[in-house]
2 protein chains.
Amino acid sequence: MALVVMKFGGSSVSDADKMKFVAGKIIAKKNDGNKIVTVVSAPGDTTDDLLEMSGKISLDPPEREMDMLLATGEMVSISLLAMAVNAQGEKAISLTGPQAGITSDLYHTKAKIKNINPKKIKSLLAKNNIVIVAGFQALNAKGDFSTLGRGGSDLTAVALSAALNADLCEIYSDVEGVFTTDPRVVKDARKLDFISYDEMLEMAGSGAQVLQARSVEVAKKFGVEIHSRCTFSDKDGTIITSEEKIGGKKVEELLISGVTFDKNQVKFTIIDIPDMPGIAAKIFGRLAKIGVNVDMIIQSAAVNKKNDISFTTTKQDMKKTQIELDKLAIELKAESVICDDQVAKVSIVGIGMRSNAGVAGRMFELLHKKGINIEMISTSEIKISCIVDIIDMEKAVNELHKGFGLSKQKEQI
Amino acid sequence: MALVVMKFGGSSVSDADKMKFVAGKIIAKKNDGNKIVTVVSAPGDTTDDLLEMSGKISLDPPEREMDMLLATGEMVSISLLAMAVNAQGEKAISLTGPQAGITSDLYHTKAKIKNINPKKIKSLLAKNNIVIVAGFQALNAKGDFSTLGRGGSDLTAVALSAALNADLCEIYSDVEGVFTTDPRVVKDARKLDFISYDEMLEMAGSGAQVLQARSVEVAKKFGVEIHSRCTFSDKDGTIITSEEKIGGKKVEELLISGVTFDKNQVKFTIIDIPDMPGIAAKIFGRLAKIGVNVDMIIQSAAVNKKNDISFTTTKQDMKKTQIELDKLAIELKAESVICDDQVAKVSIVGIGMRSNAGVAGRMFELLHKKGINIEMISTSEIKISCIVDIIDMEKAVNELHKGFGLSKQKEQI
């Protein structure tokens, strides 16, 4: 008898009919001879609705109270889903994060799980219950609700799988799995059967939104194999696991696994900063102090003892970055500050590039052939990202997808 | 420095503006030099919305899951209200029922409070916090949420007042206090300055919906003086306290304190039941078994060894009562069963009738003079109720209100 953790996202439980469908799916899995722990997110747009309500009351609410408020969304899901399972004739018990034995540090709205005591879940499973756990939430040492940040239900599912030593961790959403790229942008994008933790992490960090990045880190750390699949389909999705386990299972050896993109990018350039030591440290130290997250950075070679520094950040941080840079430009006697929000980041990800030289060159060549100008480049061991003009983004993604052989083949095995 | 418990009903916190208003009211009370514990209900129609959601999923949901679901309503209120107080510059901390130390028996949806451990509240008050507690909910011995039944937030407020030995328990709603009768029915209904626990209990039990009946019982038991008043007014409301405390405070001695009415009544009559011992026990035993709440009962004197038995119940119980009585009529060889849902109960309540004979006679006379037929009568020490035709109800209430001298006088002191 296997122990399966099944996690359902908010879009899978957004109304009564979907709840009933999910309940049927859980029961079917139990009837296959499994013990079931289900993790659920808040229904549909509930979390956003709660945030909107709090926004009408306070622009800077205490985070402890925010977590008290947000915790209600998952409590609605778990209780309704437990009702739906019971209505179909199986025993189900809902548990809040605290009841499920999930404890966190003292941070609010982005707490880290400290420990999971699976005693209560195990005892309920032993009594033949389907156990339905609220994702996204935990109990801190003060006895308060904490929440784990956006996508935190994925983390709950993975961490519970580790704590329970589950045989399988299935993460259900409204997509079929992990794709080579976004099917809305590239028509012949295809679903991957397998992807390694590291690739998944790079993809999550560069625009793909299938799984929360931290949940993948935890899965890697504890060796939890994740099956990312679609709630409303019986087809296999994508297995996220270690490179070793994937090993020979891959039907074909691909140089890269996916192409990602991110339109939420702004490029800043500070022009003609007099060259002196510690300039970069000063600029980025000041930006860090006001909470600006900087992504890619380029410093041009000094010409006439003057430097240009370019970097990217998100559109959310654009305004405060602009204000700070205008001050800095005066202090540093720089010529000017240019802000460009008409850019996008296009990345290729793949463990194949570790053992294959020339992947970057091929990427640049593919873009060049299509007349796409590369404004910035950054690389990691298994990812290469380029900043391009936003109007070239879709063309770039399609070209890279085709050029690296990711396009759909007839009859995938 | 006084300790004040302030309870706000759902209509007082139904949107962001009202939340802010209530927050201001709480802060003003604190600034008067008081320590404040606030109890809140779920916002507006939240509880009904949650019930509707569950109704779409299951017609017979497990009560444990129902309580998990319903508990979210008050968690939304307390967190948002805490945010509103903080936004206005005062420290506030929200607590769920369980966090506030409120424990209950193992019943769900209508649990009884077993104990309150006020340690956490006291320690938060000592640190100068406004403490905002979720009404209606508690923790049971299994570690689950329980709820206290409709109006349970009143009970939370009264029980907390007792446990904290509060100086004042203010229950805020959208009405100004306890009225001599419903102002929607009688134009010159007037607010009472004082009412005794016993009168309040009889009024709550006979149609008036200002306070939950159980909360009044608990207030009586522990001597908690309640001030029922309006959220959106600074005028004094009604003090609910012991007869002794009211004593000389009353400006005038009234024979009765109020007239109540209840349209949610159905009258059943079983005609010509052969007279034999234990008939009534059999009928009402069977009805109790299927959960029918019977209110007034009349058994006619046996004529020709045959009896008629009439009783009233609520419209919710009408259908199952009808089915059971049809079976019983056959078993008991009764002639027939008549059901009349066009009736209403009109009651007068007052401790004055204890020491004044003839109150009942005066009531019947007032109704008779207006040509109103009395179908059934029941009396308690401080209440007399009559069943009348539903079309006569408003006329009866107005007549009794005027006839017993309750109508508004110019310039109430």
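Me: Before strands come up, what makes two strands pair here?
Reply: Two strands pair if DSSP finds at least two bridges between them. Keep in mind that this is a predicted model.

Me: Fine. Which residue in E16 of chain A is the bridge partner of A:Lys267?
Reply: A:Asp340 is the bridge partner of A:Lys267.

Me: How many bridges join E13 and E16 of chain A, and are they parallel or antiparallel?
Reply: There are 11 bridges between E13 (residues 258-274) and E16 (residues 336-349) of chain A. The two strands run antiparallel.

Me: What's the strand order in that sheet?
Reply: The order is E14-E15-E13-E16-E18-E17 in chain A. That is an open sheet of six strands with antiparallel pairing.

Me: Which strands are at the edges?
Reply: E14 (297-299) and E17 (374-380) of chain A. Each pairs on one side only.

Me: And what's the twist?
Reply: From one strand to the next, the twist averages 25°.

Me: Which strands does H10 of chain A lie across?
Reply: H10 (residues 318-331) of chain A lies across E13, E15 (306-313) and E16 of chain A. The helix runs at about 130° to E16(A).

Me: Switching to E12 of chain A. How does E10 pair with it, parallel or antiparallel?
Reply: Parallel, over three bridges. E10 covers residues 194-196 of chain A, and E12 covers residues 238-241. A:Phe194 stands opposite A:Ile239 in E12(A).

Me: What about E11 and E12 of chain A?
Reply: E11 (residues 226-230) of chain A runs antiparallel to E12(A), again with three bridges. A:Ser228 has A:Thr238 in E12(A) as its bridge partner.

Me: Domains now. Where are the bounds in chain A?
Reply: The domain assignment gives domain 1 as 2-252 and domain 2 as 259-403 of chain A. Their C-alpha centres lie 33 Å apart.

Me: How many residues does the contact take from each domain?
Reply: Domain 1 of chain A gives 14 residues and domain 2 of chain A gives 17.

Me: Which helix gives the most on the domain 1 side?
Reply: H6 (residues 197-205) of chain A, with four residues. By class, the side of domain 1 that touches domain 2 of chain A has five nonpolar, five polar and four charged residues.

Me: Next, H3 of chain A. Why do you call it largely enclosed?
Reply: Because 23 of its 25 residues are buried, H3(A) is largely enclosed by the rest of the structure.

Me: What span should H3 of chain A have?
Reply: H3 (residues 63-87) of chain A should span 36 Å at 1.5 Å a residue. The end C-alpha atoms are 37 Å apart, which agrees. Just after H3(A), A:Gly89 takes a positive phi of about 95°.

Me: And A:Lys369, buried or exposed?
Reply: Exposed: A:Lys369 has 10 other C-beta atoms within 10 Å, and the cut-off for exposed is 12 or fewer. A:Lys369 is found in H12 (residues 359-369) of chain A. Its C-alpha atom is separated by 21 Å from that of A:Lys383, 14 residues apart along the chain.

Me: Last topic. How many residues of chain B are in contact with chain A?
Reply: 28 residues of chain B are in contact with 28 residues of chain A.

Me: Which helix of chain B gives the most to that side?
Reply: H3(B), with 15 residues. H1 (16-31), H2 (46-57) and H3 (63-87) of chain B each supply at least two residues. The side of chain B that touches chain A divides into 17 nonpolar, eight polar and three charged residues.

Definitions and conventions: Residues numbered from 1 in each chain as written. Chains lettered and ligands numbered in written order. Predicted model: local features only at pLDDT ≥ 70, side-chain atom pairs only at ≥ 80, totals over all residues. Domains from an automatic or database assignment. Contact = placed C-beta atoms within 7 Å. Nonpolar A, V, L, I, M, F, W, Y, C, P; charged D, E, K, R; others polar. Expected span 1.5 Å × (residues − 1). Buried ≥ 20, exposed ≤ 12 C-beta atoms within 10 Å, placed from the backbone. Axes fitted to C-alpha atoms, helices over the stretch in contact; angles between N-to-C directions.
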